[in-house]
Amino acid sequence: MLRAVHAARLPVITRKIPITGNQAVSSHAASWYHRQQWGTRCCHRDHGYDEHHLDRSMKPSWASSARSLSTSARFHAATSAKPLPDPHNVSNQLDSETIEAIVQRLEERGRDPTFRSLFNYFDLIQPDARVLEVGCGTGVMSRTLSKHPSFHGEIVGVDQCTPFLEVAKELAVEEACDMGKLEFIEGDAHDLTYSLTRAGIQDKFDVIVMHTLLSHATHPNTVLRSASEVASDAANLIVMDGDYASLTYGHSE
């Protein structure tokens, strides 16, 4: 049985952006412009918006009208025209430039003291536990845990984006992580049994960590069921995520 021992909402730090009226917008719509949709590099700076990310590869009709609109009007038009994909949800389909931008963001966030303070759940992880991090990205959490002085268990990080995993492995070596107890594999959070078996991993896990994963998952309930299939008896589930459904942006009006 998989037991949830830690579930917390992330403190989200936002900066004010110019939006007409008192509109509330979702963080994903406000923060990300996918290159295939509006032709932009991916950028996420404290959930803020940077008008420089509107580039010249937009459709002519959009580009023509955009030049005559204010920043706030362009922002509103872009976010309301059609749903924008969450780049973390489709990270295995992104172009190299977008991936590079996300990698930089993940590593910058991983060095931030406030973000690192969220790893206080390390105290809930047994020193000799087998840990699975689902949606590990560039491996910030897994690398940090592997170097924790009281931890001497094993860690497997799973992610669907191969370039993220390549960065995770490179940085783990650079940081002198013990690669004998740290491994990164490509896999789908919705089918962990298949992903782990394909990588030759059969043993169950004592702790499963989902750090900012579920809010990006296509089917969160499927991900949770998938995790229960690879969990040992009395395994613990640790979830850390943002309450993005209620996130709003302030405006001076």
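Because the model is predicted, local features were considered only at pLDDT of at least 70 and side-chain atom pairs only at pLDDT 80 or more, whereas totals for chains, interfaces and linings use all residues. Residues are numbered from 1 along each chain as its sequence is written, and side-chain values rest on heavy atoms, with hydrogens and water left out.

The secondary structure comprises ten helices and six strands, where helices (H or I, at least four residues) and strands (E, at least two) are DSSP runs numbered from the N terminus. Of the 253 residues, 48% are classed as buried, a term that denotes under 20% relative accessible area, with exposed meaning over 50% and partly exposed the range in between (1.4 Å probe, protein chains only). The protein exposes about 12,700 Å², of which carbon and sulfur atoms supply 49%; accessible areas come from the Shrake-Rupley method with a 1.4 Å probe, and for residues only the protein chains shown count as cover. Among contacts (heavy atoms within 4.5 Å) between residues at least 6 apart in sequence, 75% join residues at least 24 apart.

In soluble globular proteins, nonpolar side chains tend to be buried together. A nonpolar core is here a set of buried Ala, Val, Leu, Ile, Met, Phe, Trp, Tyr and Cys residues joined through side-chain atoms within 4.5 Å. The largest such core has 24 residues, and those with the most contacts inside it are Tyr121, Ile125, Val131 and Leu145. At least two residues of this core are supplied by each of helix 7 (140-146), helix 8 (162-174), strand 4 (182-186), strand 5 (205-211) and strand 6 (231-241). When residues up to four places away in sequence are not counted, Ile125 touches Val131, Leu145, Phe151, Val207 and Ile238.

The structure holds zero disulfides, a disulfide being a pair of cysteine sulfur atoms within 2.5 Å. The cysteine sulfur closest to that of Cys161 belongs to Cys136 and lies 9.8 Å away, too far for a bond. Cys161 is buried at 0% relative accessibility, and Cys177 is likewise buried, with a relative accessible area of 8%.

Arg109 is located in helix 5 (residues 96-111) and, at 25% relative accessibility, counts as partly exposed. Not counting residues up to four places away in sequence, Arg109 touches Phe115 and Thr212. The C-alpha atoms of Arg109 and Val140, which are 31 residues apart along the chain, are separated by 9.1 Å.
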